[in-house]
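I set out to record what can be read from this structure, element by element.

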Amino acid sequence: MWGYDPVAKTYVNTWVDTNDLAVRTDYGYWHEPEKTMVWSSKQNDGQGHFVDYRITEEFKGDTRVFTFYQLGLAKPAPHPLVNIVFTKRKPPPVR
């Protein structure tokens, strides 16, 4: 579930998944010129370490590109984990 927090002036997302060891909270910003939402989060890996994640959502007309990155522990280089391309279906012809 996500929404805009007017006090923090940012988008906030809460993700609950049985694959994760804890609830993840993401903080996001909308970049209007690029039509891109950028999220960042930090999550416990269950072994006492926190892992940094970045998520981008690029909106390109009828297409949305969702990419989920993990930032490296030694070097903050992003490692893509998930890349999903969503395409809006064309409406069926009117009869």
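**Entry 1: the model.** I note at the outset that this is a predicted model.

**Entry 2: the sheet.** I looked up the strand order first. Seven strands make up an open sheet, ordered β1-β2-β3-β4-β5-β6-β7, with antiparallel pairing. I then asked which strands stand at the edges. These are β1 (2-5) and β7; each has a single partner strand, so one side of each lacks a neighbour in the sheet. On average, neighbouring strands of this sheet are turned by 20 degrees against each other, direction ignored.

**Entry 3: β1 and β2.** I found four bridges between β1 and strand β2 (residues 10-15), and the two run antiparallel. Within β2, Asn13 is the residue opposite Trp2.

Entry 4: I followed the chain through two hairpins. Strand β4 (residues 36-44) and strand β5 (residues 50-60) run antiparallel and are joined by nine bridges. Lys42 stands opposite Asp52 of β5. Five residues lie between β4 and β5 in their hairpin, and Gly46 in the turn shows a positive phi of about 85 degrees.

β5 is also joined to strand β6 (residues 63-71), here by eight bridges and again in an antiparallel run. Ile55 has Phe68 of β6 as its bridge partner. The hairpin of β5 and β6 has two residues between the strands, and Gly61 takes a positive phi near 65 degrees there.

**Entry 5: aromatic pairs.** How many aromatic pairs does the structure hold? I recorded five. One of them is Tyr4 with Tyr11, an edge-to-face pair at 5.0 Å centre to centre, with 70 degrees between the planes. Tyr4 counts as partly exposed because its relative accessibility is 46%. Tyr11 is likewise partly exposed, with a relative accessible area of 23%.

I next examined Tyr53 and Phe68, which form a tilted pair at 5.1 Å centre to centre, with 50 degrees between the planes. This pair links distant parts of the chain, as Tyr53 lies in strand β5 and Phe68 in strand β6, 15 residues apart. Are Tyr53 and Phe68 buried or exposed? Both are buried. I also noted one aromatic cluster, formed by Trp2, Tyr4, Tyr11 and Trp39.

**Entry 6: salt bridges.** I counted six salt bridges in the structure. Among them is the contact of Arg24 with Asp26, at 2.7 Å from N to O. Arg24 and Asp26 are both buried.

Lys35 and Glu32 form another salt bridge, with 2.2 Å between the closest N and O atoms. Lys35 is partly exposed, its relative accessible area being 36%, and Glu32 is partly exposed at 42%.

I also recorded a salt bridge between the side chains of Glu58 and Lys60, at 3.7 Å from N to O. Glu58 has a relative accessible area of 27% and is therefore partly exposed; Lys60, at 49%, is partly exposed as well.

**Entry 7: the surface.** I asked which residues make the nonpolar surface patch of about 300 Å². They are Leu81, Val82, Ile84 and Phe86. Ile84 belongs to strand β7 (residues 78-87), and I recorded β7 above as an edge strand with a single partner. Ile84 counts as partly exposed because its relative accessibility is 34%.

Terms used. Residues are numbered from 1 along each chain as its sequence is written. This is a predicted model: local features need pLDDT of at least 70, side-chain atom pairs count only at pLDDT 80 or more; totals for chains, interfaces and linings use all residues. Side-chain values use heavy atoms; hydrogens and water are left out. Patches are made of residues with over 30% relative accessible area and no salt bridge: like charges are joined within 9 Å, nonpolar side chains (Val, Leu, Ile, Met, Phe, Trp, Tyr) within 5 Å. Accessible areas come from the Shrake-Rupley method with a 1.4 Å probe; for residues, only the protein chains shown count as cover. A salt bridge is a side-chain nitrogen of Lys or Arg within 4 Å of a carboxyl oxygen of Asp or Glu. Buried means under 20% relative accessible area, exposed over 50%, partly exposed in between (1.4 Å probe, protein chains only). Two strands pair if DSSP finds at least two bridges between them. Axes are lines fitted to C-alpha atoms, for helices over the stretch in contact, and angles run from 0 to 180 degrees between N-to-C directions. Rings of Phe, Tyr and Trp (its six-membered ring) pair if their centres lie within 6.5 Å; planes under 30 degrees apart count as stacked, over 60 as edge-to-face and the rest as tilted.
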